[in-house]
Amino acid sequence: MVVFEKTKGLTENELHYCPGCTHGIIHRLVAECLEELGVLGKTIGVASVGCSVFSYNYFNCDMIQAAHGRAPAVATGAKRANPDNVVFTYQGDGDLAAIGTAETVHSAARSENITVIFVNNAIYGMTGGQMAPTTLPNQVTQTSPYGRDVTVVGYPVKVCEMLSQVDGASYLERVAVNNVANIRKAKKAIMRAFKNQIEGKGFSLVEVLSTCPTNWGLSPKEALSWLNENMEKYYPLGVYKDKYKEEK
Amino acid sequence: MADKVLMKGNEALAEAAIMAGCNYYFGYPITPQTEVAAYMSKRMPKIGGTFLQAESEIAAINMVIGVASCGKRCMTSSSSPGISLKSEGISYLAGCELPALIVNVQRGGPGLGGIQPSQSDYFQATKGGGHGDYKLITLAPASVQEMVDLTFKGFDLADKYRVPAMILADGTMGQMMEPVSLDKGVVNDYAKPWATTGTNNHEGRNVINSLSLSPAQLEEWNIGRYERYKIIERDEVMYEEYLMDDAEICVVAFGIASRICKNAITEARKKGIKVGMIRPITLFPFPKDALKEASKKVKSFLSVELNMGQMVDDVKLAIDCAKPVYFYGRTGGVLMTPDEVIAELEKIEKGEAKQW
Amino acid sequence: MAKVIFDKERCKGCGLCETVCPKKIIALEKEEINQKGYHPAGVTDESACIGCGSCAIMCPDTVIKVER
């Protein structure tokens, strides 16, 4: 009896992510959900620009690689082109909460019937560790070398809280993948987000707190606890909007 | 021939797009093209199509990328500043080898510029407004009828060669009303096995992508695309000749400027000036051969444009500077009058004009 | 009796599996190095394995297959 094996939702390609980067776990959870829902054959994934730009090599479904920040708009087009396709975007914090803020807010406002997987690791990974909109106060990065000074560069963006004020948003949950229990919860949230789409309930977004050992300057193991001690404080886990659950 | 209907350019173009099988339009308000969006918002719901006003021109072009990736005809329209915003998306359409139609109803620039007509986005359209090696099929209507006909043509060429195409109109084309026949033009159906329709619907996995970290592969993609541009340059050039048989001066003008020049030429002929015109209809592919041929007969060329001098460079290049090339332009939204063009022709005849 | 299979060539030696194994029977190979130059993870005492799958769930690179 197989307890655990690789999902068919992922291709055979090896992931390019750094050792211990939890992007890989999030990829797997999305892939597992798509496989278990039996929708891989009608799923169109939209990759963004950042460490996860190569996700079009990893998800075992048709993919479109979008310009930085524009994945929700591309996904809007793809979904409107074939409404019975399952359309998702996979975006990092720079992509979704910096350059793509307008696309994020407005695809939510339109309650676009898509699923957004938002990976928040508080840094720009691909380009070598610069400050992101979600970089924590005092957090040192390549472009906040003395620690993020909120009096100078302002405060991190709390996406779930922000979008919870957007009426079009149907389901918003923040999860983390820094331990097995959290990973199980994260999968439930991702599954819920995809089911929402399949049931035509509009815009769903799952914000997944994730590690970046390389640019946090920590070992993969230390990064797990840093996330817990620092990110979970600033970004509390939980459901921030569940329009249809409230109705039940 | 369907009987003629009096229509505004912007609306005639929108109706033509629908007749050409475009069921997806994403727009954003900007003068002088907003009627395209308004018209689409009325018509699309009636035909089961999709109209969406996006949060920005950037979002709109990216929605087009989403639809085009799924193999469906789609369009966006804007005016000059909005086209600047869409330029990255246009570069992505080229890089991803996606067909789509982009409409630019030009206004005065740069910056916020003005809202009167202009042709100052010629370079932006034909020399690449976005980054990277790519060409944009550029069609320049000179009448409301051509706003219809070139829309059919634009969709067809885009699908045929898997490239983005642009209708480069201007405020007059968009705003003026002219009788137009809405004959259903040619609507070819092109197979799109590459489209992201879901792996249920095709072999293997389709990925729409313009990224490659391998320089050799990126070069291969670029070279492959340029082979298609060569075929486009060989087979798809469109231009009109007017009174060129015995012409000694060849006027070169497109769009509304060519309409003004036609009046000027008719009057100048009465004054004994042997002048004709070559009107490019496709700005890419540019009618180089026609100009080269003309340079063997005429004494000089006069490029007349609504800008500070852009297409004139291409005229000189096309004829390898074989003959003198002059330029006359108004900009900022000012239209030249036929008399101004005639005055310029007279200066050329008297050898008083300064070469470009 | 559970069985744990490591696709050693995919492993990047990140050690996340090691941190979650309830039986503390996962460790990175001391000597062995895979093609990528990492010390791949492995089970030190498979007999003690309860087949919970935590290691596989925590692995970012789908290196681990668990059977019971």
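Okay, let's start at one residue: A:Ser111 is partly exposed, with a relative accessible area of 21%. By the cut-offs used here, buried means under 20% relative accessible area, exposed means over 50%, and partly exposed is in between, with a 1.4 Å probe and protein chains only.

Quick housekeeping. This is a predicted model, where local features need pLDDT of at least 70 and side-chain atom pairs count only at pLDDT 80 or more, while totals for chains, interfaces and linings use all residues. Residues are numbered from 1 along each chain as its sequence is written, chains are lettered from A and ligands numbered from 1 in the order in which they are written, and side-chain values use heavy atoms, with hydrogens and water left out.

Back to A:Ser111. You'll find A:Ser111 in the loop between helix 4 (101-109) and strand 5 (115-120) of chain A. If you skip residues up to four places away in sequence, A:Ser111 touches A:Gly168, A:Ser170, A:Lys201, A:Gly202 and A:Phe203. Touching, or contact, means heavy atoms within 4.5 Å. Now look across to A:Phe88: it sits 23 residues from A:Ser111 along the chain, and their C-alpha atoms are separated by 13 Å.

Staying in chain A, is A:Gln197 buried or exposed? A:Gln197 is buried, with a relative accessible area of 2%. A:Gln197 belongs to helix 7, residues 180-198 of chain A. Leaving aside neighbours within four places in sequence, A:Gln197 is in contact with A:Lys79, A:Asn85, A:Val86, A:Val87, A:Asn113, A:Ile114 and A:Thr115.

On to how the chains meet. Two pairs of chains are in contact, and chains A and B share the most contacts. Chains B and C have no contact joining them, and their closest C-alpha atoms lie 20 Å apart.

Let's zoom in on chain B. Chain B has twelve helices and 15 strands. Its radius of gyration is 21 Å, close to the 21 Å that the globule rule gives for 356 residues, so chain B is as compact as a globular protein of that length. That radius is taken over C-alpha atoms, and the rule is 2.2 Å times the number of residues to the power 0.38. Along the principal axes, the C-alpha atoms of chain B fill a box of roughly 70 × 50 × 40 Å. Of the 356 residues, 58% count as buried. Take the contacts in chain B between residues at least 6 apart in sequence, and 79% of them join residues at least 24 apart.

Which part of chain B is largely enclosed by the rest of the structure? That's helix 1, residues 9-19, where ten of the eleven residues are buried. Among them are B:Leu13, B:Ile18 and B:Met19, along with B:Asn10 and B:Glu15. Just after helix 1, B:Gly21 takes a positive phi of about 90°.

Next, the largest pocket, which has a volume of about 340 Å³. Of the 18 residues lining that pocket, the closest to its centre are B:Ser91, B:Gly95, B:His131, B:Ser210 and B:Leu218. A pocket here is an open set of points on a 1 Å grid over the protein atoms alone, where a 1.4 Å probe fits, with protein on both sides within 12 Å along at least five of seven lines; lining residues have an atom within 4 Å of a point. Points are joined across faces, edges and corners, and the volume is the space filled by probe spheres set on them. Helix 4 (81-95) and helix 8 (215-235) of chain B each supply at least two residues of the lining.

Last stop, chain C. Chain C has two helices and four strands, running β-α-β-β-α-β from the N terminus on. Its radius of gyration is 11 Å, which agrees with the value near 11 Å for a compact globule of 68 residues. The C-alpha atoms of chain C fill a box of roughly 30 × 20 × 20 Å along the principal axes, and 50% of its 68 residues count as buried.

C:Asp45 is partly exposed, with a relative accessible area of 33%. C:Cys14 is 31 residues away from C:Asp45 along the chain, with 20 Å between their C-alpha atoms.
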